[in-house]
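Let's take a walk through this model together, with the sequence and the 3D view side by side. Keep the viewer open so that you can find each residue as it comes up.

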Number of protein chains: 4
Amino acid sequence: MFEVRTDLALEVRELYQEEKQQEIPGVAVEQENTGDVNITRVEILDQHGAQVMGKVKGKYITLECVGLRRPNADLKDEVSKLLAKELKSLAEMNKPMKVLVVGLGNEHVTPDALGPKVVSKLFVTRHLFQFYNKDSDEDLAELSAISPGVMGTTGIETGEIIRGIVENIKPHLVVAVDALASRKMERVNTTIQLSNTGINPGSGVGNKRKALNEETLGIPVIAVGVPTVVDAATLTNDTIQLVIKAFSKQVKVGSQFYNMLNELKNEEKYHMIKEVLEPYSANVMVTPKEVDDIILHLSHIIANAINIALHPGIDLQDVNRYLH
Amino acid sequence: MFEVRTDLALEVRELYQEEKQQEIPGVAVEQENTGDVNITRVEILDQHGAQVMGKVKGKYITLECVGLRRPNADLKDEVSKLLAKELKSLAEMNKPMKVLVVGLGNEHVTPDALGPKVVSKLFVTRHLFQFYNKDSDEDLAELSAISPGVMGTTGIETGEIIRGIVENIKPHLVVAVDALASRKMERVNTTIQLSNTGINPGSGVGNKRKALNEETLGIPVIAVGVPTVVDAATLTNDTIQLVIKAFSKQVKVGSQFYNMLNELKNEEKYHMIKEVLEPYSANVMVTPKEVDDIILHLSHIIANAINIALHPGIDLQDVNRYLH
Amino acid sequence: MFEVRTDLALEVRELYQEEKQQEIPGVAVEQENTGDVNITRVEILDQHGAQVMGKVKGKYITLECVGLRRPNADLKDEVSKLLAKELKSLAEMNKPMKVLVVGLGNEHVTPDALGPKVVSKLFVTRHLFQFYNKDSDEDLAELSAISPGVMGTTGIETGEIIRGIVENIKPHLVVAVDALASRKMERVNTTIQLSNTGINPGSGVGNKRKALNEETLGIPVIAVGVPTVVDAATLTNDTIQLVIKAFSKQVKVGSQFYNMLNELKNEEKYHMIKEVLEPYSANVMVTPKEVDDIILHLSHIIANAINIALHPGIDLQDVNRYLH
Amino acid sequence: MFEVRTDLALEVRELYQEEKQQEIPGVAVEQENTGDVNITRVEILDQHGAQVMGKVKGKYITLECVGLRRPNADLKDEVSKLLAKELKSLAEMNKPMKVLVVGLGNEHVTPDALGPKVVSKLFVTRHLFQFYNKDSDEDLAELSAISPGVMGTTGIETGEIIRGIVENIKPHLVVAVDALASRKMERVNTTIQLSNTGINPGSGVGNKRKALNEETLGIPVIAVGVPTVVDAATLTNDTIQLVIKAFSKQVKVGSQFYNMLNELKNEEKYHMIKEVLEPYSANVMVTPKEVDDIILHLSHIIANAINIALHPGIDLQDVNRYLH
């Protein structure tokens, strides 16, 4: 069966609210608006909240900024700074740390290339610490980064690759950057989600099973994700939902037609989606045409945020002027 | 308003037949099946046919081969040969000719890059004819090729660029290769359309207004196109259509609900599509995830077909072994 | 025979001065230093100067800035502004003009991709003028741009392609951007040459014969070029020269060995270069390893300069913030 | 000081022979010619041989084929088969094995991208073995593959990354593919070297310190390398050598000039090289212009060889027809 597919905690909560008209018990929500950017901090506090949300306990922070769809360097800088601030607070960084950034996804499939593109723009320093035989520095974190590729081209679960590296280089923290799927076109490329729960099975555009989290790696894992596609099954499903809703308004509860509408929500809906999407069904994505530019733009914002959040002595001006 | 969008003559005819249960007057159709490949030759014979089809008078040949979705070098070679044969007959080539191939589309947007990728794989010879001061050759056509880019990056209509080049190098024939949009996912990357009518306004994935045809260039123009995307408005529209059809089966003609269904075909449908696709609406495309590989694969097939159709002394083995 | 190969007027003059210890008659030279950037304005005034320089009459302006080798956004902006100023004065622009920018070179060969990369970053407007049916605008020039590709993939001389387009869209001015070859590694990617003489046969990295100049196009042509490679024959030739010079210092004029050294300058030198470079000889280039980044960097500087020089209402801040 | 730089055992031996006119003691050499391909098997047998060669004990097999410079599918297939045969014998494969292929080098620097490009063309299977819970298969090896990136972008030594992965997925064998530097242009892209000694410090185009060998990984490591560049210091050094040799022929031993020639071999030579290559000196490479195509071509040959050498049930026809 096709399920509604979203990687955003924000969207799960939204769906719940639409249906139940109340907040989810066991989930705390906090909102902030800076003018250009909406920040929503969702915390899943207990097992009940986790079950309802279909997500593990922990913090999920979302930055939404519709302006990101157009090139605007001031807005880009503003979002980088806000993101850096949230990242710092989530990472509980008090002093320069050893951090490994993992760029998930397939560099050769544009909407899935966000992670590798972020990695290519980071100011990595670990080799310099090794070369000068330093253990810490006031201005710089010991930063390393890798894009391990996807299972289809490596034959290896990403989790296995990263576990091996973590065991060898012993960072304090992993930051995993990934492209996500959203339920709504309007969120595509306008929303950045941070979470201290790591990456958990089933997430992401590509084939990235198995977890990257504190349980599997032994150190905290912060996930940074941006929805870059809506999958086509979600899109058609949403269309069907809308058609049914349009009819429902005009139909009496209990009438024969009312029952018909409800039945449709099940098997036939699945067949219609299948019919429209065949023969690629599971492998079709919906994406803005200018996706190449957008991914580049977003990877700058996220790389900048990581660079300034992790390295105490580097600010946004340094990044814009001397890096890249 | 969103219209059903297709560049394939085949699909227009199909839609007509579904609705009217008859062939379009003024349109001749011929079909051939080679086992792996379905060839449909549609000829629009008169003004009435042209009006109903919404396409200009002329021949439209479609090769359909579902096997093209997987890498299979034998099938690839078979399709190249069949395509070369149709191209030769459509071009009415009796002797080596001077031909300009135009690769339409934006090389940097994967599903729109088909034309430029074909151009990069052609065995161009015009400069050799010039260098050796030859006017003709038994084995080789005088082949030139250009990818003019799209209006958004050049500021110039493709038609204006090509007209200028045609006036200067005076070929006998233009072959224009372009990525198309289809109504059905199942046609994406499995269908190749040839036509002797050139490229006419409104066609194509990108922004390629103004015609490339015998009227504007003064020489025959053969168009070669492959649908590489379904646009998202078409996809949602088709889903709505299916939902309505599902209901229609169970509803009495003339009943209140029957009328409701028909009304929905108009304004509300438009609003639903808009709601699902906002805010990118016109700029969202639906495409298989592995689109990079598929475009590469198809560009080989078409370039091979052009190479062997135009150069009398070159066969598929030469192309596979010594070119690219 | 291998000749010393350079596209820079500056280098020709330098070679002359080294040998003759005087300025070339018929050539005026003016120098300016802004701190970071050296500007040299060479004007070939008459036929004698043209003959000695091996270049046509006209103005050649060179901006040299060794800092360009490292990413430095402030310096980048400074060079863009200086370049824009020189470009404006060379173009004798008093009012918004119709300008066609031509990106020469092969986009798929990194050191030759400068021209196409500049074109992809321009703010083209001609289609907007057409769409709104305007003939002029206070803030914007009517800018169009094309990357015609190289003769090896098109089969057409670049000159023929551009002539056709110029005849159709009738600009007032062509600006042609190209990658050049230098004699010295130290000039690679640190030097930008402007000239009002257009592109003349034999120039450039790739195979771009035939002129783009006022004579062939009927309108002024400004050439913008950056040396991105030293060709390997030049490099080995320069090495041989150095070895000979080292010996010469210690050898008596007229001695047997002195004669040997002089003889070597001819045939044997050619054989040695051939031996070292075989079997690729003519097709080998010498380039810094980080050439990809450098070309990207330079294409930004030049595109920015063109954008602000041509569009009166656009300044560098607009370009940095809202374009690209 | 600039040293003669080569990664090819073949070239070290050649240099020794030129100077000493004899084979190196402790080194066995075997040659085979198949018509199109020269195979040289050099075995360093003892510590003396190792010291003279400047390479560790073990087998070094070189396939040379000048025809590889032009596209020729038959020759390509022949080289793939010969390479597969040597690889199989070097790996001492009697049964399907667990193999990890490592693609060294920077995917974004063309001449250094060989390893990553080979990895992208392999038929990896490890995830399928895991999914179906199989430990072995008659037709397929358990193949995994990774391109770890270079230290400049990861901050991690390649050796550390691979060690971590090897510990986790426990293969029997590592095959490391890398771009090399040659002393001679004629070897560039025509020579493939196999060795059972792994990768040892100082090798390669990029910054890939620290070993990948049996000592560091605990399992055998086969290295596959192709010279894709000559470094510029080598090229200029070779030119100087040639000039000196040309003079030497005409000069009496013991004469003043003879001594001058010998002195030049030292300090002044270094200054001349520095003068010609400044300011990029260490970071300049010499490469054929069509390097993009050549790397693609070579990566096919090597990927095909690995695919057919490791998977007992896959032959070259399968690879050509159904993979890639």
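This is a predicted model: local features need pLDDT of at least 70, side-chain atom pairs count only at pLDDT 80 or more; totals for chains, interfaces and linings use all residues.

How exposed is Leu128(A)? Its relative accessibility is 36%, so Leu128(A) counts as partly exposed. Together with Phe131(A) and Tyr132(A), Leu128(A) makes a nonpolar surface patch of about 360 Å².

Move on now to the loop between H5 and E5 of chain A, where you will find Asn133(A). Its backbone is worth a look: phi of Asn133(A) is near 55°, a positive value in a residue that is not glycine. As a rule, most residues other than glycine have a negative phi. Asn133(A) is also exposed, with a relative accessible area of 72%.

Which side chain does Asp135(A) meet in a salt bridge? The partner is Lys98(A), at 3.3 Å from N to O. This pair links distant parts of the chain: Asp135(A) is in the loop between helix H5 (126–131) and strand E5 (142–146), while Lys98(A) is in strand E4 (residues 98–103), 37 residues apart. Asp135(A) counts as exposed because its relative accessible area is 57%, and the cut-off for exposed is over 50%. Both residues of the pair belong to a network of salt bridges that also includes Arg126(A), Glu142(A) and Glu160(D). In general, side chains of opposite charge can pair when their charged atoms come close.

Salt bridges come up again elsewhere, and the structure holds 48 of them over all chains. One of them joins the side chains of Glu30(A) and Arg41(A), at 2.8 Å from N to O. Here strand E1 (residues 27–33) of chain A supplies Glu30(A) and strand E2 (residues 38–44) of chain A supplies Arg41(A), with the two residues 11 apart. The cut-off for buried is under 20%.

Now cross to chain B, where Glu23(B) and Arg13(B) meet in a salt bridge of 2.8 Å, N to O. Glu23(B) is in the loop between helix H1 (9–20) and strand E1 (27–33) of chain B, and Arg13(B) is in helix H1 of chain B, 10 residues apart. Glu23(B) is partly exposed, with a relative accessible area of 31%, while Arg13(B) counts as buried at 11%. The loop between H1 and E1 of chain B also contains Gln21(B). Gln21(B) has a positive phi of about 55° although it is not a glycine, and it is exposed, with a relative accessible area of 67%.

Finally, return to chain A and look at helix H7 (residues 158–169). At 1.5 Å a residue, its 12 residues should span 16 Å, and the end C-alpha atoms are 17 Å apart, which agrees. How many of the 12 residues of H7(A) are buried? Nine are, so H7(A) is mostly covered. Among the buried residues are Ile161(A), Ile162(A), Ile165(A), Val166(A) and Ile169(A). An α-helix has 3.6 residues a turn, so residues three or four places apart point the same way. After H7(A) comes Lys170(A), whose phi is positive, near 45°.

Notes:
Residues are numbered from 1 along each chain as its sequence is written. Chains are lettered from A and ligands numbered from 1 in the order in which they are written. Side-chain values use heavy atoms; hydrogens and water are left out. A salt bridge is a side-chain nitrogen of Lys or Arg within 4 Å of a carboxyl oxygen of Asp or Glu. Helices (H or I, at least four residues) and strands (E, at least two) are DSSP runs, numbered from the N terminus. Buried means under 20% relative accessible area, exposed over 50%, partly exposed in between (1.4 Å probe, protein chains only). Patches are made of residues with over 30% relative accessible area and no salt bridge: like charges are joined within 9 Å, nonpolar side chains (Val, Leu, Ile, Met, Phe, Trp, Tyr) within 5 Å. Accessible areas come from the Shrake-Rupley method with a 1.4 Å probe; for residues, only the protein chains shown count as cover. The expected span of a helix is 1.5 Å times one less than its number of residues.
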